[in-house]
Amino acid sequence: MTNKELKQARDKHVPRGPFNVTGLFAAKALNATITDVEGNDYIDFAGGIGVMAVGHCHPKVVAATQDQSALFSHTCFHVVMYEPYVEVARRMNEAAPGDFEKKTLLLNSGAEAVENAVKIARYATGRDAVIAFEDAFHGRTLMTMSLTSKTMPYKKGFGPFAPEIYRMPYAYCYRCPLALEYPGCGVACADLLTNAFKNYVGADEVAAVIAEPVLGEGGFVVPPKEYFPKVKKICEDNGIVFIVDEIQSGFGRTGKIFAIEHWGVAPDLITSAKSLAAGYPLSAVVGRAELMDAPHVGGLGGTYGGNPVSCRAALAVFDIIEEEGLLARADVIGARIRQTFETLAAELEVVGDVRGLGAMVALELVTDRTAKTPAGDLTRALVARAVEKGVIMISAGTYGNVIRPLMPLTIDDATLDRGLAIVAESLREVTSEAGLA
Ligand SMILES: Cc1ncc(COP(=O)(O)O)c(C=O)c1O
């Protein structure tokens, strides 16, 4: 069947709610290339939304998952345990920052990891409130949708939301919530947390503060180096669990296993998913052993959590990142993306900001550099044009005006450069067509 025929069937049988960036249907994928059902090849700059750090169908992932599927695909960890679960936990505990004893709980999706991190923090502290940030994305379940900031499309019509969630501005320097400038600002945005204790919720009622170290859906915003040490200190001083959501920023994307390592901060709990298991459903909460052990026996878990096939994929991912030097590779990829984006910034007024960490480098588009008016339509046109020319990529940002490349870290230089050239050419074209050049 063609893409068009399949799309008609999709529209008939699948609700419109799940959005589709492209009208393409995949037939197969290898490393950073996706081939559609009509035999067309596309360079994959989306990686299934930051999931395929080790590339599509990496031979080690294929071998490990095929092997495990033939042994057993499910016993339920609560009924009959298996080694791959324990081994993933051991490696997560080893990889997570912090010179203290850690434990890891495995689940299915990113949202489920966030749900469980909040459960653990509440249980351990005996407190209810959670402080989250503007521009944050934490998932689509009730708790995680409530923690998520952006209303459309994530929250509109889906209330009422979970109670006891409070929100403060994030360190979004390009659009500073305090209209200040770094470094003169003294990272005053972090002190807003102390202010929140006075104006919104008492510190002794707060179970957790949850933050993405680099915003994913929020558009790859990277807070200054002083920000997380300050936030962590405020949490520590007030007995609040500091949860870092590394679901998008983790597993090599920023040149470290966990992005928060760049700030030299050891969170109490970390949530992980996406590139952890190369597309197999697996997520994790890793953190301080005494917090992780707080909930009673039977208080945590789920039928499929830590599926053995997914665990074997994750073990392969740990090996691949190490053996293929993907942390260093993330920095090289990031430098090449940055070079392309900065060239575009020098050339086109519509480029408002280029920012990032490791391979998480974003381009924020505006119709007016001074007013920083978000160029959402231009961004949508750019994504559509890039797909027409053979590059699959996705946008982000509260205003939908940010391009966020999430290609496999295993992408070769020639494919990367070809993809970046197409993105650049597409931006030049749509900018000119929109009369913004
Ligand atoms: C930072 C962050 N947290 C949580 C989630 C939710 O993960 P999932 O879609 O696997 O539930 C996402 C997904 O994009 C994410 O980027």
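By class, the lining of the largest pocket comprises 20 nonpolar, 15 polar and nine charged residues (Ala, Val, Leu, Ile, Met, Phe, Trp, Tyr, Cys and Pro count as nonpolar, Asp, Glu, Lys and Arg as charged, and the others, Gly among them, as polar). The model is predicted, so that local features need pLDDT of at least 70 and side-chain atom pairs count only at pLDDT 80 or more, whereas totals for chains, interfaces and linings use all residues. Residues are numbered from 1 along each chain as its sequence is written, and side-chain values use heavy atoms, with hydrogens and water left out.

A pocket is an open set of points on a 1 Å grid over the protein atoms alone, with protein on both sides within 12 Å along at least five of seven lines, and its lining residues have an atom within 4 Å of a point. Of the 44 residues that line the largest pocket, F19, I49, R140, Y154 and E217 are the closest to its centre.

The ligand takes up the space of this largest pocket, a molecule being assigned to a pocket if more than half of its atoms lie within 2 Å of its grid points. Residues with a heavy atom within 4 Å count as near a molecule, and those surrounding the ligand include S109, F137, H138, D245 and Q248; by class, the shell holds three nonpolar, five polar and four charged residues. Oxygen atoms of the ligand lie 2.8 Å from a backbone N or O atom of G110, 3.0 Å from a polar side-chain atom of K274 and 3.5 Å from a polar side-chain atom of E217.

Notes:
1 Å grid on protein atoms, 1.4 Å probe; cavity = no way out; pocket = protein on both sides within 12 Å on 5 of 7 lines; lining within 4 Å. Polar contact = N/O pair within 3.5 Å; in protein donor to acceptor, adjacent residues only side chain to side chain.
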